[in-house]
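Open the structure in your viewer and keep the selection tool ready. This tour goes stop by stop.

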Amino acid sequence: MAKKTAFITGILGQDGPYLAKFLLEKEYKVYGLIRRYSNPNFSNLDYLEITHNVDYVEGDMNDEASLLNLIRTIRPDEVYNLAAQSFVGSSFDQAKLTTEINALGPLYLLNAIKYFSPTTRFYQASTSEMFGLQHTNGYQDENTPFHPRSPYGVSKVYAYWITVNYRESYGLFTANGILFNHESPIRGIQFVTRKITDGVAKIKLGLSKELRLGNLEAKRDWGFAGDYVEAMYLMLQQKNPDDYVIGTGESHSVKEFVKLAFKSVGIFDWEKYVVIDPQFKRPAEVPNLKAKPDKAKKILGWSPKVSFEELVEMMVRADLKRYQNK
Ligand code: NAP
Ligand code: F7E
């Protein structure tokens with residue numbers, strides 16, 4: 001039987017490499033979209049030791065023709081749209097760019113599928129940031145209304161609905177994974193978890209004296225990226241396309257993350273090292289996110305494996321090792 005093919009955008013980011021590894025283990029042929037760079041950074045793929053197992057193709061989420069051409073020539077079985085300007089903080093200063101990549105990018109891909117490869121199944125990387133301020137009894141699920149709090153969140157609401165719309169209008173197999181925060185040792189350094197674990201490792205090794213952070217009271221539902229890519233895959237294997245919330249069902253504050261990260265290296269007086277810096281606070285905050293992933297459990301048979309404590313420990317260990325190896 002011919003190998004299944006997957007086309008992954010965002011292959012150099014955090015989720016792209018975990019998903020590629022997962023699909024390669026299932027014998028997929030994996031194409032990864034990279035944009036034009038003088039020096040592309042393959043370090044996340046190197047970390048997972050799959051750099052040479054992916055077929056790289058060049059294009060850009062802002063360049064419709066490049067995407068049309070790639071879908072037309074590859075005609076993949078599955079497209080996973082993970083590319084995004086994904087940092088909420090930067091989206092306030094670069095709202096237009098964020099919108100072009102995150103909202104128009106998926107539209108271009110969906111048009112490419114509609115015209116050139118209508119049997120291709122499409123996964124859209126939707127996000128809990130779409131919920132923003134909304135709660136249903138303290139949690140968010142597939143029925144919770146959206147109230148995004150950043151240009152990033154707003155751009156993702158467009159992408160969510162255009163994905164639903166192409167399913168309803170043209171019968172395409174499209175699915176939204178509404179993923180809550182997920183992290184790993186290859187999480188971008190700007191995001192709070194990795195910033196903390198990197199900072200703690202440097203402090204532990206005497207390479208730094210302080211860790212500058214913004215709002216310590218914000219709460220997130222943090223899981224492990226390696227667990228979450230399985231849910232993406234499962235969504236595209238169902239009989240019918242649908243949208244699913246993916247998270248752990250637990251919520252922890254940034255402060256709890258900080259405390260645990262310091263504790264894991266034997267530092268208990270964490271307040272000595274943490275400096276609150278207003279530059280890391282946002283014009284509008286998302287105060288509290290907690291998933292209710294019951295639908296994914298029931299229909300996809302998916303549940304997370306790595307606990308909050310294990311995640312913190314895993315990330316701190318990886319950062320310590322990085323500096324020790326240097
Ligand atoms: P990430 O590490 O920021 O990776 C995003 C990738 O998108 C990068 O590899 C980047 O490429 C690529 N990209 C950005 N602009 C592009 C463009 N114009 N053309 C082509 N590629 C472009 O994000 P992630 O954490 O892996 O997240 C994957 C997806 O899930 C994103 O869509 C994110 O918004 C969404 N999401 C993430 C989370 C989470 O907690 N991680 C939760 C919910 C949803 P370069 O390497 O070339 O910059
Ligand atoms: O912030 C607070 C900050 O940048 C988490 C993206 O993957 O997940 C991510 O978005 C919280 C916020 O992630 C600092 O204010 C405090 O409340 O790690 P973050 P995010 O904004 O939740 C969602 C699901 C996505 O879809 C996004 O793509 O931590 N915080 N102090 C800080 N945040 C940062 N970055 N830096 C600080 O110093």
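Are Tyr18 and Phe224 buried or exposed? Select them: both are buried. Keep in mind that this model is predicted.

Stay with this pair. The two ring centres are 5.6 Å apart and the planes meet at 80 degrees, so Tyr18 and Phe224 are edge-to-face. Tyr18 belongs to helix α1 (residues 15–25) and Phe224 to strand β10 (residues 223–224), so the contact ties together parts 206 residues apart in sequence.

Next, select Phe262 and Tyr273. Their rings are stacked, at 5.7 Å centre to centre with 20 degrees between the planes. Phe262 sits in helix α9 (residues 254–263), while Tyr273 is in the loop between α9 and β13 (274–276). Phe262 has 0% relative accessibility and counts as buried. Tyr273, at 19%, also counts as buried because the cut-off is under 20%.

Now pick Phe131, Phe146, Tyr160, Trp161 and Phe180. Ring pairs link them into a cluster. In total, the structure holds 17 aromatic pairs.

Two charges come next. The charged end of Arg187 sits over the ring of Phe191, 3.8 Å from its centre. Lys295 places its charged end over the ring of Tyr244, 5.0 Å from the centre.

Switch to cartoon view. Find the open sheet of seven strands, ordered β3-β2-β1-β4-β5-β6-β11 with parallel pairing. Its edge strands are β3 (55–58) and β11 (244–246). Zoom in on β1 (residues 5–9) and β2 (residues 29–34): five bridges join them. Ile8 has Gly32 in β2 as its bridge partner.

Last, select helix α5 (residues 95–116). Helix α5 lies across β1, β4, β5 and β6, at about 165 degrees to β5.

Note on methods:
Residues numbered from 1 in each chain as written. Chains lettered and ligands numbered in written order. Predicted model: local features only at pLDDT ≥ 70, side-chain atom pairs only at ≥ 80, totals over all residues. Heavy atoms only, no water. Pairing = 2+ DSSP bridges. Helix = DSSP H or I, 4+ residues; strand = E, 2+ residues; numbered from the N terminus. Contact = heavy atoms within 4.5 Å. Axes fitted to C-alpha atoms, helices over the stretch in contact; angles between N-to-C directions. Phe/Tyr/Trp six-rings, centres within 6.5 Å; stacked < 30°, edge-to-face > 60°. Buried < 20%, exposed > 50% of the residue type's maximum accessible area, 1.4 Å probe, protein only. Lys NZ or Arg CZ within 6 Å of the ring centre and 35° of its normal.
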